[in-house]
Amino acid sequence: MIVKEGKARIKLDKDVFYNPKMTFCRHLDVLAYRVIAKDESREVRSLDALAATGVRGIRACLEAGFRSTFNDKNPRAVELIKENLKLNEIEAEVFNRDAVALMRESRFIHIDLDPFGSPAEFIDTACLSALKYLSVTATDTAALCGSAPLAGLRKYAIYAEKTEFYPELGLRTLIGKIVREATKYDKAVEVLVSWAREHYYRVHVKLRRSVALAGKIYEKVGYLFYCFKCGNREWLPMNGEALEKCRCGNRFVMIGPLWLGELHNKVFVKAMIDDVGGMHVDEGTKKKLRKFLQLIYEEIDIPFGYTTHHIAMMLKTSPPQVAKIIEEFRSMGYRASRVHYSGVGFKTDADVETIKNVVLALNTQN
């Protein structure tokens, strides 16, 4: 069976993993690759480290001009990658290696990690091997978002419990892991674009080798102090003094260490949006891509969103429309936006008590 995805034609095999549900993610990836390629004066030598069918690396070649190298430890996957390269008239190196060993021996401008499950075991070596860019997928959402605290400790060295903004918590856990591994090699991290969607997290970052910047990046890594009783949250950098009690009297739960910095670079995301028209997909898909990227672009850079349902549950009232909440906050002089990962989510720099008062006031008006 052969499927068409973007400009690529991919032969499938029952013994090699291919997930059609990740096609939208790969469309977004191609847009990110194209922006990277335009920003680079040299050819981007990229490693598709866990390539399976090779679809992501092949699309990077065909649609972004990358020079992809492919690797998979499954011998059948390696044979299939070679068939797919021939099918798409691409010449490329293909390895049948352990990904960690290959990355330790070689260097690439860009590395893409898309494992079946957790990327935790590969991130350290990927940060060593990647000279400038790193892309990571994670599908072990329970370990990242606090649903499985012990798994989070084992894989990501973070303590977390599940909150109403758990998709963002998982995303910040993953980025925090990448940052901590990168700084071991004197590399600072800039998040270009990231998102939490359906069953996975996806992050594209830029790496810069600098001892000073690698140390400075920890100003954006720290801990969340969350009150499960009233919904209040505070966050502090690594050198901040731990908070014990919320102003409501309940004890804070300390979650972290987490990435507290930006989840996207607006200039980068805007370039992705502007390039959607050139994608080899149907108009309906282009519309979905623009809509999703616009949500990311407009999401304000404040850690940890809220949901109307959770606020309403605490108040024992009905949840108002997100659009009305955002409009009200903006009229009061606060920053506010939707979040990309939830249809009932929003962000604002108003405190939780102000948020509750706004929700109650909107319900009174209705």
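How close do the axes of helix 1 and helix 2 come, and at what angle do they cross?

**Ground rules.** I'm working from a predicted model, where local features need pLDDT of at least 70, side-chain atom pairs count only at pLDDT 80 or more, and totals for chains, interfaces and linings use all residues. Numbering runs from 1 along each chain as its sequence is written, and side-chain values use heavy atoms, with hydrogens and water left out.

**Helix pair.** I looked up helix 1 (residues 23–39) and helix 2: their axes come within 9 Å and cross at roughly 45°. Axes here are lines fitted to C-alpha atoms over the stretch in contact, with angles from 0 to 180 degrees between N-to-C directions. I noted the crossing as right-handed (near helix turned clockwise from the far one by less than a right angle).

For the contact (heavy atoms within 4.5 Å), helix 1 brings residues including Arg26, Asp29, Tyr33 and Arg34, and helix 2 brings Arg56, Arg59 and Glu63 among them. By class I get seven nonpolar, two polar and six charged residues in this contact.

**Cavity.** Next I checked for cavities (points on a 1 Å grid where a 1.4 Å probe fits but cannot get out; lining residues have an atom within 4 Å of a point). Tyr33, Arg56 and Ala60 are among its lining residues, as are His110 and Asp112. Strand 3 (45–48), helix 2 (55–64) and strand 6 (108–113) each supply at least two lining residues. I logged the lining as four nonpolar, four polar and three charged.

Definitions and conventions
1 Å grid on protein atoms, 1.4 Å probe; cavity = no way out; pocket = protein on both sides within 12 Å on 5 of 7 lines; lining within 4 Å. Helix = DSSP H or I, 4+ residues; strand = E, 2+ residues; numbered from the N terminus. Nonpolar A, V, L, I, M, F, W, Y, C, P; charged D, E, K, R; others polar.
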